[in-house]
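Thanks for coming. I have one structure to go through today, and I will keep it short. Here it is.

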Amino acid sequence: MSQGDTNLAAVPHVAEDLQGDDRWLCQHNRFVLDCKDKEPDVLFVGDSLVQLLQQYEVWRELFSPLHALNFGIGGDTTRHVLWRLQNGELENIKPKVVVIWIGTNNHENTAEEVAGGVEAIVNLINTLQPQAKTIVLSLLPRGERPNPLREKNACVNQLLRSLLPHLPNVQLLDVDGSFVHSDGTISRHDMFDFLHLTAAGYAKVCRPLYELIMQLLEETPEEKVVTLA
């Protein structure tokens, strides 16, 4: 990307209603209503990898007890998440931890642009929810065997490792290291379609994620209520 060009991955954008049923906007509107009705300590935002997580027992076991909300929509890119967060999904709530998992669907963007899109999301969260600690999950490898998209995701992760330490209130959790076997393949027991996770695949991601979330929650001071005599 040449100097002066706009990084489209960092420009908020409504998802196109390709199927004609307005599902994406309806899901977003439901999330905005959830913000008015619930008080989450932890907020998950992202694409189908976030959305599908709540269908597994590990969500009910680890994250439901933390009053977590799941704002995942299948097919989302960094642009879609930026738009959603700018348009109500961070209003009326004060989460202590925000988990972001996004970028694998940014097919039209370079690795540098995807990393810049993630950076824009982190900066927006810092602006709108300054009390929150943000966890960015690294992009997973994809495809049964080595391929250009897997290489691109690895490049995004490398860029995020350099970029995120310079931003406040955020850290990258690397979750991509245990999925590729020594022969370069990914097992269907971890990813049933070599992109989305099975229960076993989610366990590999969610155990270290849960430990980090608990660490951050313990570091977050509780709001003290002063009772006058």
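**A buried asparagine, a helix pair and the cysteines**

Let me start with Asn157, which sits in helix 6, the helix covering residues 148-163. Please keep in mind that this is a predicted model. Is Asn157 buried or exposed? Its relative accessible area is 1%, and a residue under 20% counts as buried, so Asn157 is buried. Leaving aside residues up to four places away in sequence, Asn157 is in contact with Ser138, Leu139, Leu172 and Asp176.

Next, a helix pair. Helix 1, residues 23-37, packs against helix 4, residues 78-86. The angle is about 40 degrees, and the axes are 10 Å apart. The two helices are therefore oblique to each other, and the crossing of helix 1 and helix 4 is right-handed. Which residues meet there? From helix 1 we have Trp24, Leu25, His28 and Phe31; from helix 4, His80, Trp83 and Arg84. Sorted by class, that contact between helix 1 and helix 4 comprises four nonpolar residues, two polar and one charged.

Last, the cysteines. A disulfide is a covalent bond between the sulfur atoms of two cysteines.

Notes. Residues numbered from 1 in each chain as written. Predicted model: local features only at pLDDT ≥ 70, side-chain atom pairs only at ≥ 80, totals over all residues. Heavy atoms only, no water. Axes fitted to C-alpha atoms, helices over the stretch in contact; angles between N-to-C directions. Helix = DSSP H or I, 4+ residues; strand = E, 2+ residues; numbered from the N terminus. Parallel < 35°, antiparallel > 145°, perpendicular 65-115°, else oblique. Left-handed = near helix turned anticlockwise from the far one by under 90°. Contact = heavy atoms within 4.5 Å. Nonpolar A, V, L, I, M, F, W, Y, C, P; charged D, E, K, R; others polar. Buried < 20%, exposed > 50% of the residue type's maximum accessible area, 1.4 Å probe, protein only.
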